[in-house]
Each structure stands twice: as structure tokens, then as C-alpha cells.
Amino acid sequence: MAPEVEFDTPQQIRWAIIGPGRAGARFAQGLHAVEAASLRAIWGRNPDRAESFARKFAVPQTSPTLEQLLAADIDAIYVATHPDSHAEICLQALAAGKHVLCEKPATLNQSQLTQVLAAARLHDRLFMEAMKPPFFPLYRRLRGHLQSDPIGPVGFVRAGHADATLPPDYPLQFASLGGGGIMGIGPYEAFLALDWLGELKRVQTMGRVNVAGVDAFALFQTEHEHGMAQLHTGLDLSSRGDALLSAPRGYVIIHANWWNPARATIHYLDGRHVELHEPFVAGGFNYETTHFCQLLRDGLRESPVIPHSLSLSMARLLETVRTTLGVRFPGE
Ligand SMILES: NC(=O)c1ccc[n+]([C@@H]2O[C@H](COP(=O)([O-])OP(=O)(O)OC[C@H]3O[C@@H](n4cnc5c(N)ncnc54)[C@H](OP(=O)(O)O)[C@@H]3O)[C@@H](O)[C@H]2O)c1
């Protein structure tokens, strides 16, 4: 008789989304490409928007209140509201015993993030900032390629993106929502610099604040343990969203938009060019979500890829740049 074959079925992770907007939609799209994970519920402060989101993505439950959502049989919450409400919602979700994946920037400032991380420890829940680039296939392949065919240690990072096409009602246009270019694309740039260059030592900032009280353009140079970065963000100029990683024996261009990385070129000093091409599927949020689900199954409370200390360093960098320009959010 043939031996019985047992298949390990991974534990199902039941998700809910808070905030049925653009990021919420991309998360829902990505979840279809995540093994053993399902979207069970949605809550938004506008019931019509939540209902139409639920219809579009076949979400079985729309909760009338946040409290009801947090009382439901859900393992993990994806927080996709604007940054002004991240801290409060994360604190409530963690206190209700839910694990939390929170959109970037995790909170408005370091003080809020410290409270959220303390709550995650207190309630013994997994908390991760949704910093997606390192989970993309291209980024992982680039890391691997540079290990087997190195260019030497990266000592300079240049990245930036300015987008003058955002409509006037876009959330980043409002200080009350935690807006501005620094809070929009800035978290990705802070991540890139910290990921390749190590801990932050010093920041120099120049920029302009608009009549709405948010940064319209910001240029910041950062010094790290292992090198320096030159970064920019903007809401009233346009620029190309690629990134440069510079090292002694060559350099890398991660092509636009580098925070959704799909293509990179490695230029070696010996004249070789290596093209890496790794298209992403399902919108790309699926990779970080897969990682988060695996952390949960492994009983971990912190990601080794986006540890709490990295989120704190990103928050410190962004807050330093923002407050140097005089951008303050309500309550600060
Ligand atoms: N990782 C990425 O690629 C990516 C891409 C885009 C955005 N993001 C991040 O995702 C977050 C949301 O941005 P978005 O562009 O998705 O914004 P959005 O399209 O305006 O969606 C935000 C949603 O959250 C809801 N909301 C806002 N404040 C709330 C509160 N206090 N309580 C309950 N619901 C609330 C909004 O409700 P209303 O309909 O009532 O306004 C809306 O449904 C930001 O942190 C942003 O940085 C990340």
C-alpha cells in the first residue's frame, strides 16, 4: 500500500482593511496573490465608500464602526488611512489584540511611533510599517546579484521624486492629514538611504513651504554610518523617480519608479552592464503581505527586514527634515 502523503497547509490569515481608498484597493488586489490569506472585513468612516469597496473586492463584511471591526474574528489589520489617523487607529487595533500592517509613514512623528511600538510590545502583537520596496523581486535579486558580483560597498545614494500633477484635493496637499512631499515619497527615500548606508548621523535641509503649510519642495542630504545620500521630494515641480547607488567599483540605477522596482542596471568599472528585469505582479503589495503573514505563522512580533528600529530611524529622518522647514502638523 502506498504511504499516506501529508501536505502542510499554512495557517489562514484573516485580514481587515481600515481605509477604503487607493492604498486599500491595491492591498486588496495584492491579497489575491498571497497564499492562505483572505480579506474578511473593511471599515471606513464613509459607509457608502466602504460598501462600494466591499462590492468591488468581494469583501464579506463591512463594519458599521471601528469597534465592531476590531471585535470581529480577524487576525491582522491593514491601516490605509491618511497619516494623521495612523497612530490612533494602530493603538486601538493593537489594544484589541490585532496584528497591524500600517501604511507609510507609520505615524506623523517619532513620539507617536514610540507609543505605537510600545503598545505592540505591551499587547504582544506584530507591528510592521508597510515599506514595500525591499520585498519586490527586483530589489531582492539586486541584493543577491551584488553579493555574487560586487561593486563594493555603496557609499552614496541619490533618489528623489517631485510630482506637480497631483490634484488639489489629493491628501498630500493638506497639513491636517499629515501631507507634504516629505510624508508622501519621503518615507521611501529615507528607507533607501538607511537600507544601503546604515544609521543616520546628520541631516542638511533646504526647501519651500506653500500656503497650505506643507512642503512644496524639499532637498535633503543625509550622512550615515557608511556614506551620504542626496534626496528630494516635491509637489510643484516634476522629476524622474529613479535611484542611484554609487560604489567604488561601479554603480546601480534602479529605474523609475524605483519604489515599485522592476528594472535595474548595474554598471561595472570593467565596462560590463548588467540589466536586471523582474516585473512585479498583482500591484506589488502582495510581497510585503506575504512576508507579514509568514512572520505571523512563525510567531514573530517584528520584521527582520523592516524592524521597529528602522521605522524609528525613518521617522527621525523625516521629522528632522520637515521641522527644519517649519512644517508642523495639528497637535504638534
Ligand atoms: N504603499 C504605497 O504604494 C502607497 C500608495 C498610496 C498611498 N499610500 C499610503 O496609504 C495611506 C493612504 O493614502 P491613499 O492615497 O490611499 O489615500 P485615500 O485614497 O484618500 O484613502 C484613504 C482612505 O482612508 C479613509 N480615512 C481617512 N482618514 C480616516 C479616519 N480618520 N478614519 C477612517 N477612515 C479614514 C478615507 O476616507 P474618506 O473616503 O472618508 O476620505 C479613505 O477611504 C497614506 O499613508 C499613504 O502614504 C501608500
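A salt bridge here is a side-chain nitrogen of Lys or Arg within 4 Å of a carboxyl oxygen of Asp or Glu. D242 and R240 make one through their side chains, at 2.9 Å from N to O. The model is predicted, so local features need pLDDT of at least 70 and side-chain atom pairs count only at pLDDT 80 or more, while totals for chains, interfaces and linings use all residues. Residues are numbered from 1 along each chain as its sequence is written, and side-chain values use heavy atoms, with hydrogens and water left out.

**Two domains**

- The chain splits into domain 1 (13-132) and domain 2 (134-280 + 305-324), with bounds that come from an automatic or database domain assignment.
- Taken over C-alpha atoms, the centres of the two domains are 25 Å apart.

**Where the domains meet**

- On the domain 1 side, 19 residues are in contact with 25 residues of domain 2 (contact means heavy atoms within 4.5 Å).
- About 2100 Å² is buried between the domains, and carbon and sulfur atoms give 63% of that; buried area is the accessible area (1.4 Å probe) that two parts lose on being put together, summed over both.
- Q110, M131 and K132 supply 34% of what domain 1 buries against domain 2, more than any other three residues.
- Between the domains there are zero salt bridges.
- α5 (110-122) is among the elements that supply at least two residues each to the side of domain 1 touching domain 2, and α5 gives the most, with four residues (helices, H or I, have at least four residues and strands, E, at least two, as DSSP runs numbered from the N terminus).

**Salt bridges in the structure**

- The structure holds 13 salt bridges.
- One of them joins the side chains of E199 and R316, at 3.7 Å from N to O. This pair links distant parts of the chain, 117 residues apart: E199 is in the loop between α8 (186-197) and β8 (200-209), and R316 is in helix α10 (residues 308-324).
- D236 and R208 also pair up through their side chains, at 2.8 Å from N to O. D236 lies in the loop between β10 (227-234) and β11 (243-247) and R208 in strand β8, so the pair ties together parts 28 residues apart in sequence.
- Back at the opening pair, D242 is buried at 14% relative accessible area, whereas R240 is exposed at 61% (buried means under 20%, exposed over 50%, partly exposed in between, with a 1.4 Å probe and protein chains only).
- D149, D270 and R272 are linked in a network of salt bridges.
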